[in-house]
Amino acid sequence: MSGRSDKKFCDTYCKSSYHYQKSIEEKPNFYTKVDKQLKTNRSILKNFNRAGKATVRSEILINKGFNPNFFTHYWKNKNQDVYLFIYEYGFLKKSEHGVEKFVLVKWQEYMTKK
């Protein structure tokens, strides 16, 4: 190796590879777990809500890996229904005829607080 006397890696590729491998081998920390679940939740909501509004049985989403306890923010409508959002995709838990469902929505400009 050429360069500084305290150099640990031959080039940036070696350094990047080392740190990437180290991060894979380490036990996931709290931030990593939360971030992974948020990404999973967003992906599932996006997949089931292509039209901007949809209703899906909660068991279907949960079986895909959706966890309603992980969200980024909320919005309350005029009827005081609280929609939980994962970035731009939101959901509202409803029960119809004893069946748990999620009403899926996409963030709209009017939802922004003034």
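## Ser58 and its contacts

Setting aside neighbours within four places in sequence, Ser58 is in contact (heavy atoms within 4.5 Å) with Glu100, Lys101 and Phe102. Ser58 belongs to helix 3 (residues 58-63). Ser58 is buried, with a relative accessible area of 9%. Buried means under 20% relative accessible area, exposed means over 50%, and partly exposed lies in between, using a 1.4 Å probe and protein chains only.

## About the model

This is a predicted model, in which local features need pLDDT of at least 70 and side-chain atom pairs count only at pLDDT 80 or more, while totals for chains, interfaces and linings use all residues. Residues are numbered from 1 along each chain as its sequence is written, and side-chain values use heavy atoms, leaving out hydrogens and water.

Helices (H or I, at least four residues) and strands (E, at least two) are DSSP runs, numbered from the N terminus.

## Helix 2

Helix 2 covers residues 30-48 and has 19 residues. From its first C-alpha to its last it reaches 27 Å, close to the 27 Å expected at 1.5 Å a residue. That expected span is 1.5 Å times one less than the number of residues.

Which residues of helix 2 are buried? They are Asp35, Gln37, Leu38, Asn41, Ile44 and Leu45. Their cover includes helix 3, strand 3, strand 4 (89-96) and strand 5.

## The hairpin

Strand 2 (residues 73-76) and strand 3 run antiparallel, joined by 4 bridges. Two strands pair if DSSP finds at least two bridges between them. Lys76 stands opposite Val82 in strand 3. The two strands form a hairpin with 5 residues between them. In the turn, Gln80 has a positive phi of about 70°.

## Aromatic pairs

Rings of Phe, Tyr and Trp (its six-membered ring) pair if their centres lie within 6.5 Å; planes under 30 degrees apart count as stacked, over 60 as edge-to-face and the rest as tilted. The count by this rule is 7 aromatic pairs. The ring centres of Trp75 and Tyr83 are 5.7 Å apart and the planes are at 40°, so this pair is tilted. Both Trp75 and Tyr83 are buried.

Phe85 and Trp107 form an edge-to-face pair, 4.9 Å centre to centre with 80° between the planes. This pair links distant parts of the chain, 22 residues apart: Phe85 lies in strand 3 (residues 82-86), and Trp107 in the segment after strand 5 (99-106). Phe85 is buried at 0% relative accessible area, whereas Trp107 is partly exposed at 28%. Elsewhere, ring pairs link Phe66, Phe91 and Phe102 into a cluster.
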